[in-house]
Amino acid sequence: MKQLMNLIGQHRFYAAACIVGTAVTLAFVMVVVMVYDFRTTDVAPEPERSRMMYNTGTQCMRANGTNLMGYRGLGPAAFEALFGGLPGVDTLTWHGGLQKALCALPASSDRHSVFLRPVAANWFSFFRYDFVAGRPFTQAEYDAGRAAFQEAEDEWRSFRSLEDGVARRFVVISERLARQLFGEADRAVGGEMQLDFQPVRVVGVVRDVSSIFQTAYAEVWEPFTLLNESETYLVRETGGLAGFRYPVMRMGRGAAPDHIRAEVARRLERLNHTGGEYVLSDPQIYTHTEYTFFRGSSIDARLVYALLLVILLVVPAVGISGLVHAQMQSRL
């Protein structure tokens with residue numbers, strides 16, 4: 001401490017610049033490491049990120065190369081053909097993407113904009129959510145979504161909200177939304193609310209999920225069956241190839257991502273040779289790190305972070321070297 005005080009007294013400017021520069025740089029290094037760790041470490045509700053892989057879309061077009069639809073989710077036929085019983089995959093689930101929706105209490109004009117995610121029946125066993133009240137929807141409640149529609153040709157959603165007094169739509173909501181609508185989480189369970197102007201019943205409330213969890217995050221989770229998948233134009237037009245399913249896979253221990261990609265590519269080629277009007281190409285399959293950082297590019301996130309840390313650490317090293325050099329010059 002005596003040496004430090006003497007140093008500050010002799011070279012106030014250089015000492016202050018070195019100390020402040022070193023402290024700020026180390027703070028930046030801490031932030032960089034923490035961000036990378038938060039985005040990649042195995043932590044609930046995504047407890048096994050290191051074993052997860054994602055399909056974020058597949059190009060769909062006619063076999064002659066026309067009517068390119070861009071990157072879409074998979075339809076039921078393509079989903080089963082490409083990912084059903086995939087070697088190296090321990091558990092498979094899917095979701096319908098994150099979308100905006102409006103919710104409110106019945107007969108209330110106070111509407112809230114929320115993020116809605118349609119999910120598969122095994123979603124809440126695949127991820128580890130903390131239920132503060134209620135439970136996930138059961139298989140029967142998940143299947144009930146198929147009975148929630150009126151006969152319609154073109155309508156995206158046309159529901160029977162109640163049939164013989166039995167609710168057909170069940171959702172799980174976040175704790176924050178439950179407090180906004182019902183006052184507390186326990187009161188939300190069993191309560192009804194309007195979601196996109198359609199009545200739904202809340203069966204469970206989960207602790208709020210941070211948006212840093214890109215796949216597990218939402219404020220409302222509804223059964224994927226409520227998308228009325230088989231009756232949508234996209235699925236019918238493409239023969240079940242394009243649709244709204246985005247697979248999420250948990251690899252078996254020891255499985256290699258490249259082997260899984262190679263098997264999907266082999267199945268894709270076989271699917272495209274069945275003689276259908278539409279074909280698929282370029283399935284975007286990522287590991288968790290690839291999915292989180294620089295998705296869709298060939299940049300290695302680990303290399304970028306390593307270079308960033310080196311650059312940040314070089315700055316205080318240069319500052320300290322300059323200060324030592326100034327001291328030596330002064331002594332000489």
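Is Tyr 54 buried or exposed? In this predicted model, Tyr 54 counts as buried, at 2% relative accessibility. Tyr 291 is buried too, with a relative accessible area of 10%; the cut-off for that label is under 20%.

The structure holds 15 aromatic pairs, and one of them joins Tyr 54 and Tyr 291 in a stacked arrangement, 4.2 Å centre to centre with 20° between the planes. Tyr 54 sits in strand β1 (residues 52-55) and Tyr 291 in helix α10 (residues 288-292), so this pair ties together parts that are 237 residues apart in sequence.

Elsewhere, ring pairs build a cluster out of Trp 123, Phe 124, Phe 126, Phe 127, Tyr 129, Phe 131, Phe 137, Tyr 142 and Trp 221.

Now for the nonpolar cores. The largest one has 52 residues, and the members touching the most others are Phe 83, Trp 123, Phe 124, Phe 127, Tyr 129, Trp 221 and Leu 280. A second, separate core is made of 19 residues, including Cys 103, Ile 173, Leu 195 and Val 205.

Take a look at Leu 280. Leaving aside residues up to four places away in sequence, Leu 280 touches Thr 58, Gln 59, Cys 60, Leu 74, Ala 78, Leu 82, Leu 241, Leu 268, Leu 271 and Asn 272.

Finally, a couple of arginines sit over aromatic rings:

| Arginine | Ring | Distance from ring centre |
|---|---|---|
| Arg 39 | Phe 293 | 5.8 Å |
| Arg 245 | Phe 79 | 5.2 Å |

Conventions. Residues are numbered from 1 along each chain as its sequence is written. This is a predicted model: local features need pLDDT of at least 70, side-chain atom pairs count only at pLDDT 80 or more; totals for chains, interfaces and linings use all residues. Side-chain values use heavy atoms; hydrogens and water are left out. A nonpolar core is a set of buried Ala, Val, Leu, Ile, Met, Phe, Trp, Tyr and Cys residues joined through side-chain atoms within 4.5 Å. Buried means under 20% relative accessible area, exposed over 50%, partly exposed in between (1.4 Å probe, protein chains only). Contact means heavy atoms within 4.5 Å. Rings of Phe, Tyr and Trp (its six-membered ring) pair if their centres lie within 6.5 Å; planes under 30 degrees apart count as stacked, over 60 as edge-to-face and the rest as tilted. Helices (H or I, at least four residues) and strands (E, at least two) are DSSP runs, numbered from the N terminus. A charge sits over a ring if NZ of Lys or CZ of Arg is within 6 Å of the ring centre and within 35 degrees of the ring normal.
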